[in-house]
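Please look at the sequence and the 3D structure shown here, and keep both in view while reading the report.

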Amino acid sequence: MVDDERDLAEAFASVLRSEGYEVEIANNGREAIERVGASRPDLILLDYELPELDGVQVIEQLRADPATRDLPVLLASASNVSLSELCRASGYLRKPFSAEMLLTLAEHQLRGLGESGTRAAKDA
């Protein structure tokens, strides 16, 4: 979860944690890049407007690295985002969005991980 609005990031993280996901929070683009290298997440929910590196710059760095090139990234924004920028992300969430929409898109992106994925397993 990458968002410079800490309360919003904690709210999103709480929704995901309530469904059994492990969540880490970064508050700017540079921190996001550093954390991805250390924790190897299965999915990133990334705000478009961030300090240090914006969401598109973060995506560009992730796509340039073979280790993170295929990492799913959901871009979230209340701003208008160009089609060319949207195409760099795996999915898009228009803020404000519902918990249901967040969970649906996250699960859609994670569906292909199977047993080899590193996300927290949900109790089935």
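## The model and its numbering

This is a predicted model, in which local features need pLDDT of at least 70 and side-chain atom pairs count only at pLDDT 80 or more, while totals for chains, interfaces and linings use all residues. Residues are numbered from 1 along each chain as its sequence is written, and side-chain values use heavy atoms, with hydrogens and water left out.

## The chain as a whole

The protein chain holds 5 helices and 3 strands, and read along the sequence these follow the pattern α-α-β-α-β-α-β-α. Here helices (H or I, at least four residues) and strands (E, at least two) are DSSP runs, numbered from the N terminus.

Of the 124 residues in the chain, 40% are buried, where buried means under 20% relative accessible area, exposed means over 50%, and partly exposed lies in between (1.4 Å probe, protein chains only). The chain exposes about 7,000 Å², of which carbon and sulfur atoms supply 48%; accessible areas come from the Shrake-Rupley method with a 1.4 Å probe, and for residues only the protein chains shown count as cover. Among the contacts with a separation of 6 or more, 54% are between residues 24 or more positions apart, a contact being heavy atoms within 4.5 Å.

Which residues of β1 lie on each of its faces? I44 and L46 are on one side, L45 and D47 are on the other, and all of them are buried, so that both faces of the strand are covered.

In soluble globular proteins, nonpolar side chains tend to be buried together.

## Helix α2 and its cap

The buried residues of helix α2 (residues 29–39) are G29, A32 and V36. They cover an arc of only 45° around the axis, which puts them on the same side of α2; the arc is that of the directions from the helix axis to the C-beta atoms. What covers these buried residues includes β1 (44–47) and α3 (55–64), whereas the face turned away from the buried side carries the exposed residues E34 and A38.

N28, in the loop between α1 (6–18) and α2, caps the N-terminal end of α2, with a side-chain oxygen 3.0 Å from the backbone nitrogen of R30. The side chain of N28 also reaches the backbone nitrogen of E31 at 2.7 Å. N28 counts as buried because its relative accessibility is 15%.

Most residues other than glycine have a negative phi, and most peptide bonds are trans. R40, in the loop between α2 and β1, has a positive phi of about 50° although it is not a glycine, and R40 is partly exposed, with a relative accessible area of 41%. E52, in the loop between β1 and α3, also is not a glycine and has a positive phi of about 75°; E52 is exposed, with a relative accessible area of 52%.

A cis peptide bond joins K95 and P96, with omega about -5°, and P96 is placed in the loop between β3 and α5 (99–110).

Conventions
Polar contact = N/O pair within 3.5 Å; in protein donor to acceptor, adjacent residues only side chain to side chain.
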